[in-house]
Amino acid sequence: MVQDLDPFAVARDLFPDMPPGFPFENFDLEELILPTGDDMGIKSDDDDIKEEDIQTQSGFGSCLVIQNLPKAPEEKYEKLMTVVRTIASKMGEVRENGIYMPLDETTKMTKGFAFVELARREDADAALLDERFANGYQLDKNHKLIFCRFDDFDKYAKVPDEYVPLEQVPYKQPENLHSWLADKLGRDQYVLRFGDNTVVCFNDGKRGRADLAFQREYWTESFVQWSPQGTMLATMHRQGMAVWGGPSFTRLNRFAHPSVRLIDFSPNEKYILSYTSHEPVTARDSYTILISIWDVRAGKLLRKFEGPVDEYAVGSSAGPNGALKWPVFKWAGGREDLYFARLGRSKISIFECPHMGLLGKESLKLDGVQDFEWSPAEPLLAAYSAEQGNQPARIVLIKIPERTEIRQKNMLNVSDVKLYWHPQGTYLAVKVEAWTKTKKSTTTSFQIFCVKDKDVPLEVFELKNNKERVLNFAWEPKGHRFAVVHGDGPRPSISFFTMRDDKGRLGVRELKMLDNRACNAISWSPQGRNIVLAGLKNFNGQLEFFNVDEMETMATAEHFMATDVEWDPTGRYVATVVSHVQQMENGVNVWSFGGRLLYSTQRDKLYQFSWRPRMPSLLPPEKEAEIVKNLKQYSKRYDEEDEQLIMQADADVLHERQRALDEWKSYQESRRNYAALQLDFKRELYGPRFQEKEFTIQKVMVEQVIDVKEEPYNAK
């Protein structure tokens, strides 16, 4: 007979280290108290929000107070109210009966202030940031109006009379935002967005594979975007956008911009622009846009630009059917984020950082201006103005902030103009399409401004057949050469030109022309020298890897249905992508610069591929030239170091596997006592039946004859 056992008593014997009450019979869940500070291993995205930082709003967030108004008698009340209404209308939409200016019952004089309630809190925020109101509004020589939020009175009234020192928050070492640059193998990263997943991988070209660095599901609701120097990755959400960085991609900041659609970082990552549009409420209304500019580090809103889309869709900023081309605002080049500008009607509005005000308090007037581009290297602006009446078309170079014209060029019978700055700001190429005398066709010429040379000389050249259509133009990122794709047939030609001869003398010279190529896109290596001639989409992904120094084809290949070509920042590897634009074969091929396929990654619904940018080199041009000259010497040394690092990395992998195996064996050994106790428990629980061997039950069908009887059969 099996002895009756108390299972709870047996459990307490088997697990003596468990807390009192184990296995928790008859316990009340409400009495269960977790250790202080224990989050049970579940991290929250909002751990960084302190309770004291959460402030409630009084409900008057859209109400502003205008102070320092004149104190007028009752008979002039309406006249002063008209002035207040005019000022309030400049702030935004005012609610019905939303303006109140109190009158002193005793003196019958106004009290010198008024309340204005706007339709939206966002309008109040924008008004307080608007340069017309932020520093005071000069009503007359004796009255400078001051604007503040109604809630401010309540907030400052709650400030205690006695100073209370702030609680010291211990310093927390932030993650290194440039950690990926310290990779021992010198690998670059790229981001892939496919389905609901976003992954960041190291490109290990030496071993022909991608190593996962970070992965997150539902990280963004539309797209991701690297900052220009690769420090941060931005994600888009309904509430706004967020920026992430460091080895574990922790959130650095977030920006509240509901339904944000597009963003644009400043070149040195100090600021970020965000854009959204609002559909018209009634048939008489038009589309309106909202562009906000933020301080990236502080997360502070610096200024808003809001208005009908027609106000911003001007010249080159206007797309088909009155749509808006992004970016609307363009950042000036250089190592400091000093200026940004947008195109207006016969003007360019240039804004100065960090106060975000209009440079010189007025826009740059240029009659008929249609397009402009900043130099990537300095605050130098190139602008194109179209012909107007007897006034010819004009290209002008303007130095900012002086607004000095350093060079200009007039042109006649112009049909279209495109501006191409050299990535180092050395040259500006202007592609000019001009009408022939019959006005039935156009000719194409290039006018190149040599910006770094004395007096900015101008070089003009045309293709051998100047009536051919020019499909593409691209400068060599480091050097003096450029490539032009031209032709009217399905297989165009590619011509290479140089701005300098072997002795450095200025002059456009053709180097080589490649005829009859399946190419509709060209992509230079970031280091120059090599270029990929690609036939994307309709050309079925034909690829030609070309060495411009030797003027020879290194390899030809195909990535069927490829839609994009992307070089890594070092120019060692190039990726070809089949994105979700194509229904099938979505994925990425990674090649060496010479055209050798290293590995492929297939991903269904591949929405985005983007290399992580690197910071600009801190080496002077002379040192870079010396490295290029002695590249073979450096390559031999670093190839040996790379081989040692790869061997060490493989050894580290083997060591990690051995460590995991030893850890498993140690765990097995630590559980031997538990297994023995469990065996004794079963032996005591089952008694004599414990000695029975394991058995299985099988179903077997057996046929058995019970009886046989014979009877005669009569056929009749």
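**Figure 1. Confidence along the predicted chain.** In this predicted model, the protein chain has an average pLDDT of 86, and 91% of the residues score at least 70. Here pLDDT is the predictor's confidence in each residue, on a scale from 0 to 100. Among the elements of the chain, strand β9 (residues 224-226) has the highest mean pLDDT, 97, while helix α1 (residues 7-14) has the lowest, 64. Helices (H or I, at least four residues) and strands (E, at least two) are DSSP runs, numbered from the N terminus. Over residues 46-58 the pLDDT stays under 50, and the model has eight contacts beyond four places in sequence for this stretch. A contact means heavy atoms within 4.5 Å. Residues are numbered from 1 along each chain as its sequence is written, and side-chain values use heavy atoms, with hydrogens and water left out. As this is a predicted model, local features need pLDDT of at least 70 and side-chain atom pairs count only at pLDDT 80 or more, whereas totals for chains, interfaces and linings use all residues.

Figure 2. Let's start with β28 (residues 442-450), where eight of the nine residues are buried. Buried means under 20% relative accessible area, exposed means over 50%, and partly exposed lies in between (1.4 Å probe, protein chains only). β28 pairs with strand β27 (residues 427-435) in the antiparallel sense, over nine bridges. Two strands pair if DSSP finds at least two bridges between them. Look for Leu428, whose bridge partner in β28 is Phe449. β27 and β28 form a hairpin with six residues between the strands, and Lys439 takes a positive phi near 65° there. β28 is also joined to strand β29 (residues 458-462) by five bridges, and these two run antiparallel. In that pairing, Ile448 has Glu459 in β29 as its bridge partner.

**Figure 3. The hairpin of β13 and β14.** Strands β13 (residues 262-265) and β14 (residues 271-278) run antiparallel and are joined by four bridges. Leu262 stands opposite Tyr275 in β14. Five residues sit between the two strands of this hairpin, and Glu269 in the turn has a positive phi of about 65°.

**Figure 4. Two cis peptide bonds.** The peptide bond from Trp326 to Pro327 is cis, with omega near 5°. You can find Pro327 in the loop between α6 (309-312) and β17 (329-331). A second example is the bond from Ile400 to Pro401, which is cis with omega near 10°. Pro401 belongs to the loop between β24 (393-399) and β25 (404-411).

Figure 5. Lys108 is a residue other than glycine, yet its phi is positive, near 60°. This lysine is in the loop between β2 (94-100) and β3 (113-118).

Figure 6. Tyr100 lies in strand β2 and counts as exposed because its relative accessibility is 51%. Leaving aside neighbours within four places in sequence, Tyr100 is in contact with Ala114 and Phe115. Arg517 is in the loop between β33 (506-514) and β34 (521-524), and at 21% relative accessibility it counts as partly exposed. Which residues does Arg517 touch, not counting those up to four places away in sequence? They are Arg491, Pro492, Ile494, Glu544 and Thr553.

**Figure 7. A cavity inside the model.** Rolling a probe the size of a water molecule over the atoms shows where empty space is left. On a 1 Å grid over the protein atoms alone, a cavity is a set of points where a 1.4 Å probe fits but cannot get out, and lining residues have an atom within 4 Å of a point. A search of the whole structure finds one cavity of 30 Å³ or more, and the largest cavity has a volume of about 100 Å³. Its lining includes Leu185, Asn203, Arg572, Tyr573 and Asp642. β7 (197-204) and α8 (631-670) each supply at least two residues of this lining.

Terms used. 1 Å grid on protein atoms, 1.4 Å probe; cavity = no way out; pocket = protein on both sides within 12 Å on 5 of 7 lines; lining within 4 Å. Points joined across faces, edges and corners; volume = space filled by probe spheres on them.
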